[in-house]
Amino acid sequence: MSYVKKCKNFTGEFFFGDDSVGDKSFPWEQEIGPAIKKCTGWTLSPKPRIIGQGAFGSVIKGELRKTQAFITRKRPVAIKIQKMRKEALASFEKESTYGWKLGELELGPKIYNTFYYTLTNKGVDSKSIRTITIMEPFKYSGGQAMVSPFTIAQSNEVFRQMLLIIHRVTASGIFCRD
């Protein structure tokens with residue numbers, strides 16, 4: 001079973017140099033918000049903020065909203081955004097399956113939705129896809145817990161908890177390089 005769904009009715013535009021959502025040339029508000037709306041039915045809050053960037057993508061923090069029968073549900077989320085070649089999809093699906101399982105075991109963030117869509121270059125298939133993983137946000141990352149405003153004792157406790165999580169993950173049969 002794949003936890004990753006293809007969003008068939010949405011395509012994004014391939015932008016050269018768009019590996020980083022924080023890149024000023026990347027119109028992420030024009031693409032990511034509409035993609036989430038089309039592919040999940042939820043609306044991304046108008047002011048998400050970038051909370052992390054790396055070689056493989058970016059993470060934004062925001063809020064999703066959905067109104068049904070005059071009731072608006074709100075969900076704070078972290079959204080991981082990546083661009084990759086279509087050939088890498090199988091590897092991404094395997095990684096996502098582990099992420100979902102870790103979330104279900106309460107050993108990682110709960111993942112609410114994972115999908116991808118095709119990127120085009122002026123209307124022509126670019127052989128690339130964009131993946132979106134919507135998950136629960138954490139207040140701090142492991143790295144943030146090792147620096148202020150935490151005391152040494154608090155950092156030691158967080159580190160102890162991180163080691164306990166690593167033990168629980170490997171005891172579950174999942175091995176992760178992160």
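## Stop 1: a patch on the surface

Start by selecting Phe-159, Met-162, Leu-163 and Ile-166, which make up a nonpolar surface patch with about 370 Å² of accessible area together. Patches here gather residues with over 30% relative accessible area and no salt bridge, joining nonpolar side chains (Val, Leu, Ile, Met, Phe, Trp, Tyr) within 5 Å and like charges within 9 Å. Accessible areas come from the Shrake-Rupley method with a 1.4 Å probe, and for residues only the protein chains shown count as cover.

Before moving on, note that this is a predicted model, where local features need pLDDT of at least 70, side-chain atom pairs count only at pLDDT 80 or more, and totals for chains, interfaces and linings use all residues. Residues are numbered from 1 along each chain as its sequence is written, and side-chain values use heavy atoms, leaving out hydrogens and water.

## Stop 2: along helix 3

Ile-166 sits in helix 3 (residues 152-171); helices (H or I, at least four residues) and strands (E, at least two) are DSSP runs numbered from the N terminus. Helix 3 has 20 residues and spans 28 Å from first C-alpha to last, close to the 28 Å expected at 1.5 Å a residue (the expected span is 1.5 Å times one less than the number of residues). Just past helix 3, find Gly-173, with a positive phi of about 95 degrees.

## Stop 3: the core

Now select Ile-36, Leu-64, Ile-79, Phe-115, Tyr-117, Ile-132 and Ile-134: within the largest nonpolar core, of 17 residues, these touch the most other members. Such a core is a set of buried Ala, Val, Leu, Ile, Met, Phe, Trp, Tyr and Cys residues joined through side-chain atoms within 4.5 Å. Buried means under 20% relative accessible area, exposed over 50%, and partly exposed in between (1.4 Å probe, protein chains only).

Zoom in on Ile-79: what is it in contact with, beyond neighbours within four places in sequence? Its partners include Ile-36, Leu-44, Val-59 and Ile-132, where contact means heavy atoms within 4.5 Å. A second, separate core of six residues includes Met-84, Leu-89, Tyr-116 and Ile-129.

## Stop 4: a loop to finish

Go to the loop between strand 4 and strand 5, where you will find Ala-69 and Phe-70. Although neither is a glycine, Ala-69 has a positive phi of about 50 degrees and Phe-70 one of about 70 degrees. Ala-69 is exposed at 68% relative accessible area, and Phe-70 is exposed at 86%.

Definitions and conventions: A salt bridge is a side-chain nitrogen of Lys or Arg within 4 Å of a carboxyl oxygen of Asp or Glu.
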